[in-house]
Amino acid sequence: IDMAALRSLEREKDISFDLVVKAIETALLTAYRHTEGAQPHARAELDRKSGEVAILAQELDAEARRVRADVDSFFTSLLAPTSDGRERLYEAMRHAAIGGGKRLRPLLTVAASRLFGIARDRALRVGGAIEAIHVYSLIHDDLPAMDDDEMRRGRPTCHVAFGEDVAILAGDGLYAEAFRHV
């Protein structure tokens, strides 16, 4: 199994980690069944690859959980409640940005930063900014003039919960904040 090709497919087609791991497991199981009666070294190699995939999946899942928590912390800090008239706007921004999503973009940002020796905190700041732009696009995409979606990540969309005017401003605010942190 060409792991690099599978990772490339995941990036290009926006396939979830779980689907990729499941596809690998299925391929390994199928290959294992076809080695019935095969040379012992072929089975040993397949067992080794299967173990590598399981470890890779565990490491990836653990890193994804860490990045999700770090990005939620980034947004919690960035969008702390105010007492200066922007409370409802910040509440709408928090509603859209915190506690949902796979955080794939920040995860890829952190992974790429390792290749170039960039500090994790800097990568998370950039990954958080990229995620802010993504959330902005989701808020605007959900608006009545676009897809008119009412639910996102199991919760009412921003315009349903706060009104169209506040949702537009929340998206615009996230977009502006993203550039402030890059």
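Me: In this predicted model, a cavity is a set of grid points where a 1.4 Å probe fits but cannot get out. How many cavities of 30 Å³ or more does the structure hold, and how much space lies in the largest cavity?

Reply: The structure holds one cavity of 30 Å³ or more. The space in the largest cavity is about 120 Å³.

Me: Which element gives the largest share of the lining of the largest cavity?

Reply: The lining includes His 95, Ala 96, Ile 139, Asp 142, Pro 156 and Cys 158. Two or more lining residues come from each of helix 4 (87–97), helix 6 (120–142) and strand 2 (155–156). The largest share, four residues, comes from helix 6.

Me: How do the residues of this lining divide into nonpolar, polar and charged?

Reply: Arg 152, Arg 153 and Arg 155 are among the lining residues, as are Val 135 and Leu 138. The division is six nonpolar, two polar and four charged.

Me: Which residues have the most contacts inside the largest nonpolar core?

Reply: This core has 28 residues. The elements that give two or more residues to the core include helix 3 (40–78), helix 5 (104–115) and helix 8 (164–180). One of the residues with the most contacts inside the core is Ile 139, which touches Ala 96, Cys 158, Ala 167, Ala 170, Gly 171 and Leu 174, leaving aside residues up to four places away in sequence. The residues with the most contacts in the core are Phe 75, Leu 79, Ile 139, Cys 158 and Leu 174.

Me: Is Glu 63 buried or exposed?

Reply: Glu 63 forms a salt bridge with Arg 114, at 2.8 Å from N to O. This pair links distant parts of the chain, with Glu 63 in helix 3 and Arg 114 in helix 5, 51 residues apart. Arg 114 has 52% relative accessibility and therefore counts as exposed. Buried means under 20% relative accessible area; at 7%, Glu 63 counts as buried.

Me: Why does the pair of Asp 72 and Arg 103 tie together parts that are apart in sequence?

Reply: The closest N and O atoms of the salt bridge between Asp 72 and Arg 103 are 2.5 Å apart. Because Asp 72 lies in helix 3 and Arg 103 in the loop between helix 4 and helix 5, the pair joins parts whose separation in sequence is 31 residues.

Me: Where do Asp 61 and Arg 65 lie?

Reply: Asp 61 and Arg 65 form a salt bridge, their closest N and O atoms being 2.9 Å apart. Asp 61 is partly exposed at 38% relative accessibility, and Arg 65 is partly exposed at 46%. The two residues are four residues apart, about one turn of the helix, and both lie in helix 3.

Methods: Residues numbered from 1 in each chain as written. Predicted model: local features only at pLDDT ≥ 70, side-chain atom pairs only at ≥ 80, totals over all residues. Heavy atoms only, no water. 1 Å grid on protein atoms, 1.4 Å probe; cavity = no way out; pocket = protein on both sides within 12 Å on 5 of 7 lines; lining within 4 Å. Points joined across faces, edges and corners; volume = space filled by probe spheres on them. Nonpolar A, V, L, I, M, F, W, Y, C, P; charged D, E, K, R; others polar. Core = buried A, V, L, I, M, F, W, Y, C linked by side-chain atoms within 4.5 Å. Buried < 20%, exposed > 50% of the residue type's maximum accessible area, 1.4 Å probe, protein only. Contact = heavy atoms within 4.5 Å. Salt bridge = Lys/Arg side-chain N within 4 Å of Asp/Glu carboxyl O.
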